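Biologist: I'm new to this one. Could you take me through the sheet, what packs on it and what lies around it?

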Amino acid sequence: MTRDQLLTAPETALPTLRGAVAGLPPYVPGRRGAGMDIAALASNESHYEPLPAAAAAVAAAAGMMNRYPDSAAVELRERIARHLGVTAGEVAVGPGSVGVLQQIITGLCDAGDEVIFAWRSFEAYPILVELAGARPVRIPLDRAEGHDLEAMAAAVTARTKVILLCTPNNPTGVPISHDRIEAFLHSVRSDILVVVDEAYVEYAEAGSGPDSLALYRRYPNVCILRTFSKAYGLAGLRVGYAVAAPPIAEGLRRTALPFAVSALAQKAAIASLDAGEEMEARVAAVRQERVRMAAQLEAQGWKLQPSQGNFLWIRADDRLLARLVDAFDRAGILVRAYQGDGVRITVADPASNDRVLRLLAAHAA
């Protein structure tokens, strides 16, 4: 009997996936497109090319691709530590903040433990939780598209191990104020890890969200999660990091896949931190475009919550959502649709943003 016959024979049993994996919804990335006329605004990437210093660092390191990277990422962790005023022992790195988040959940959650997060928020949250055999606890956003911290606190049980706070929230862009998070932390057990996910923090206006480092210094159960994928423009290299109490950070490093962050990514991240002023100039331009777009969309009649990310959020029921997505597709503009909730539009270059404004003007209520 051939191999194909064995695989199709009725009596042949194949290995069975875990139930958590078999029922797991796939992560849906932003759609990609090619061609000069396509505006790719479905993924929250930087529309700028990598910082010149980062590109040069990658080119210089390319000749060492035959060697394994530093699995402990010592140089990168030390540079992040200097950047934030912490120690390298408080820093753990991984392949993007989503990779570090998987290390967090793997390191803290046993089967049946609970992870609380707002919904809608980052789509990878429930996937990573279920993959670990833990139970995702989704708490609906409040009317202002932000975190309902009171409801999240009320949802805590004896099995709660991790709480995820995404600020600014993806996809709504709404931040959580410092005072609200501090009051929340005061009400939560100290044996629950509270992860402040700040993937978009560089785009936020000063004072709009928390001083996460101050919170971390006061509350040892706080973990700060950040990435080089957004403002630093290294989405294709996959490098993120967490800041946590030394025993927790050590645990996160133990749960990481060996050599998960490439040498190229480590060098590019270090160079990007060293080019902070240039990155800040790019971020300022995105903020300016975000403000311009929001003002024009509100003048058109669209109701928006103030976004602190590099994107805008339009709440839409399924009927409006289908109409908008169809119009965007026909116009060669790729946006991110969330069934039953709305559409997220990445802020890009002025020309692409103007295309978005013209299209939405034609569909305003």
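Modeller: Let's begin with helix α8 (residues 178-187), which lies across β5, β6 and β7 and runs at about 175° to β5. Axes here are lines fitted to C-alpha atoms, for helices over the stretch in contact, with angles from 0 to 180 degrees between N-to-C directions. Helices (H or I, at least four residues) and strands (E, at least two) are DSSP runs numbered from the N terminus.

A word on the source: this is a predicted model, where local features need pLDDT of at least 70, side-chain atom pairs count only at pLDDT 80 or more, and totals for chains, interfaces and linings use all residues. Residues are numbered from 1 along each chain as its sequence is written, and side-chain values use heavy atoms, leaving out hydrogens and water.

Now the sheet itself. Seven strands make an open sheet, in the order β2-β8-β7-β6-β5-β3-β4, with mixed pairing; two strands pair if DSSP finds at least two bridges between them. At the edges sit β2 (91-94) and β4 (135-140), each pairing on one side only. From one strand to the next, the twist averages 25°.

What about the nonpolar core, meaning buried Ala, Val, Leu, Ile, Met, Phe, Trp, Tyr and Cys residues joined through side-chain atoms within 4.5 Å? Buried is under 20% relative accessible area, exposed over 50%, and partly exposed in between (1.4 Å probe, protein chains only). The largest core has 79 residues, and L165 is one of those with the most contacts inside it. Contact means heavy atoms within 4.5 Å. Leaving aside residues up to four places away in sequence, L165 touches I176, I181, F184, V194 and V196, among others. Apart from that core lies another of 25 residues, including A92, I105, V115 and A244.

Last stop, the second largest pocket. It is lined by 25 residues, of which V201, E202, A204, R226 and E280 lie nearest its centre. Helix α12 (276-300) is among the elements giving at least two lining residues, and its four are the largest share.

A pocket, by the way, is an open set of points on a 1 Å grid over the protein atoms alone, with protein on both sides within 12 Å along at least five of seven lines; lining residues have an atom within 4 Å of a point.

Methods:
On a 1 Å grid over the protein atoms alone, a cavity is a set of points where a 1.4 Å probe fits but cannot get out, and a pocket is an open set with protein on both sides within 12 Å along at least five of seven lines; lining residues have an atom within 4 Å of a point.
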